[in-house]
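Here's a quick tour of one model, for anyone who likes to see where the side chains go. Have a look at it first, then read on.

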Amino acid sequence: MLRLPSKERVRLFKYITTVDIKFNPWESSSTSNRELWRRLTTKKMIASNPKAVVKADMALNISAPSISFKLVDGTNISIDDTSKMTAEDLISEINFAAVKIDNDWQMEGKALDDEEQ
């Protein structure tokens, strides 16, 4: 698990373009997805990346909770069954992918601000 300070998690959220969270709101196995959705839609996170789209699909017919997210470099990452994961595990997966892009871009001399222009 990748643990980062709160400020760094907020900064790394800028590398995320979309997050799709699917879960049945009445199932106990969806607790981590509900918590992830709550954390990604706080005022602080939205302010750090207002272009990011965080979509929650809550339906009674969803058999297993899942997430997928897209990064600024076009990478798509999906986790098909998150029922055995904690919200921290899910955030760690997102942060790990964002840190990889951040490191790669620093090595290339690129910055996130360059991509936005």
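How do the residues lining the largest pocket divide into nonpolar, polar and charged? Nine are nonpolar, three polar and four charged.

## Ground rules

This is a predicted model, where local features need pLDDT of at least 70, side-chain atom pairs count only at pLDDT 80 or more, and totals for chains, interfaces and linings use all residues. Numbering runs from 1 along each chain as its sequence is written, and side-chain values use heavy atoms, with hydrogens and water left out.

## The pocket

The largest pocket comes in at about 250 Å³. Among its 16 lining residues, R9, V10, R39, M45 and I91 lie nearest the centre. (A pocket here is an open set of points on a 1 Å grid over the protein atoms alone, where a 1.4 Å probe fits, with protein on both sides within 12 Å along at least five of seven lines; lining residues have an atom within 4 Å of a point.) The volume is the space filled by probe spheres set on those points, joined across faces, edges and corners.

Helices α1 (6-12), α2 (31-40), α3 (43-48) and α4 (87-108) each put at least two residues into the lining, and α4 gives the largest share, with five. (Helices are DSSP runs of H or I, at least four residues; strands are runs of E, at least two; both are numbered from the N terminus.)

S32, N33, L36 and L40 of α2 are buried, meaning under 20% relative accessible area with a 1.4 Å probe and protein chains only; over 50% is exposed, and in between is partly exposed. They sit on the same side of α2, because they cover an arc of only 100° around the axis, taken from the directions from the helix axis to the C-beta atoms. The buried residues of α2 pack against β1 (16-23), α3, β2 (53-58), β3 (66-71) and α4.

S32 counts as buried because its relative accessibility is 6%. Leaving out residues up to four places away in sequence, S32 touches T82, M85, T86, A87 and L90 (contact means heavy atoms within 4.5 Å).

## Salt bridges

There are six salt bridges, each a side-chain nitrogen of Lys or Arg within 4 Å of a carboxyl oxygen of Asp or Glu. D102 pairs with R11 at 2.7 Å between the closest N and O atoms, linking α4 to α1 across 91 residues. D102 is buried at 7% relative accessibility, while R11 is partly exposed at 30%.

K55 and D20 meet at 3.7 Å, N to O; K55 is in β2 and D20 in β1, so the bridge ties together parts 35 residues apart in sequence.

How values were computed
Ala, Val, Leu, Ile, Met, Phe, Trp, Tyr, Cys and Pro count as nonpolar, Asp, Glu, Lys and Arg as charged, and the others, Gly among them, as polar.
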